[in-house]
Amino acid sequence: MLATAFTARSSKEPLVSIERSCPYCCSQIPREAKKCHACAEWVVGTSGGVAAATLWLLALGWAALTVLASAGLWSIGQGVMRWVWMHSVDPAITPQVVTLLLYAAIAAVLLKGLMVSVGLALLARLAPRRPRWWS
Ligand SMILES: [Zn+2]
C-alpha cells in the first residue's frame, strides 16, 4: 500500500516537470502545447495569415490614398477659389461659398475613406489566429 503510493508519486514527478502553467488561466498544460486546453488561448506566437496581412496593408494603403485625395482636393480647391476671385462669374458664388463646398467635399472624402480603412482593418482582425510558421 505504502509502496504503491510511493511509486505513484515518483512516476508523477517527471510529469509535473514537463508541464508549465498557462499565462492566461494558470492551469497546468504540457510544455509542448500550443493552445491551452482549459481557456483555449494560444500560448505561442500567432498570426492571422496572409489574407489578414493583405487586408491590413489594403487598409493602410486606402488610408494613405484618402489623405492624398483630400490634399489633392484642397489644392484644386485653392485654384478654383483663385479663379472665382478673379472672374466673379456669379455674385452668388463667392470664395466663401467655394470654401464651404470644398471643406464639405474634403470632409466627405476623408470620412468615407477612413471608414473603408477601418472596415478593412476590422476584417483583418476577424481572421482566425494560427500559430506562426516562423519562430
Ligand atoms: Zn489557459
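This is a predicted model: local features need pLDDT of at least 70, side-chain atom pairs count only at pLDDT 80 or more; totals for chains, interfaces and linings use all residues.
Residue numbers start from 1 along each chain, following the sequence as written.

The protein chain contains 3 helices and 4 strands; these are DSSP runs numbered from the N terminus, with helices being H or I over at least four residues and strands being E over at least two. Read from the N terminus, the order of elements is α-β-β-β-α-α-β. Of the 135 residues in the chain, 4% count as buried. Here, a residue is buried if 20 or more other C-beta atoms lie within 10 Å of its own, exposed if 12 or fewer do, and partly exposed in between, with C-beta atoms placed from the backbone. Two residues are in contact if their C-beta atoms, placed from the backbone, lie within 7 Å. Among contacts in the chain with a separation of 6 or more, 55% are accounted for by residues 24 or more positions apart.

Helix 2 covers residues 49-87; its 39 residues reach 57 Å from the first C-alpha to the last. That span is close to the 57 Å expected at 1.5 Å a residue, where the expected value is 1.5 Å times one less than the number of residues. Two packed helices are described by the angle between their axes and the distance between the axes. Helix 2 packs with helix 3 (residues 95-126) at an angle of about 175°, with the axes 8 Å apart. Helix 2 is therefore roughly antiparallel to helix 3. The axes are lines fitted to C-alpha atoms, for helices over the stretch in contact, and angles run from 0 to 180 degrees between N-to-C directions; an angle over 145 degrees counts as roughly antiparallel. By class, the contact between helix 2 and helix 3 has 28 nonpolar, 6 polar and no charged residues. In this scheme Ala, Val, Leu, Ile, Met, Phe, Trp, Tyr, Cys and Pro are nonpolar, Asp, Glu, Lys and Arg are charged, and the others, Gly among them, are polar.

Ser-70, in helix 2, is partly exposed because it has 18 C-beta neighbours inside 10 Å. Leaving aside residues up to four places away in sequence, Ser-70 touches Ile-106, Val-109 and Leu-110. The C-alpha atoms of Ser-70 and Ala-107 are separated by 8.2 Å, although the two residues are 37 apart along the chain. Thr-99 is likewise partly exposed, with 15 other C-beta atoms within 10 Å. The C-alpha atoms of Thr-99 and Gly-77 are 7.6 Å apart, across 22 residues of sequence. Leu-126, also in helix 3, is exposed, with 10 C-beta neighbours inside 10 Å. Its C-alpha lies 8.2 Å from that of Ala-52, 74 residues away along the chain.

Most residues other than glycine have a negative phi. Cys-26, however, has a positive phi of about 70°. Cys-26 lies in the loop between strand 1 (19-21) and strand 2 (28-30) and is exposed, with 11 C-beta neighbours inside 10 Å. Ala-40 has a positive phi of about 65° and sits in the loop between strand 2 and strand 3 (46-47). Ser-88, which follows helix 2, has a positive phi near 35°.

Key: Angles under 35 degrees count as roughly parallel, over 145 as roughly antiparallel, 65 to 115 as roughly perpendicular and the rest as oblique.
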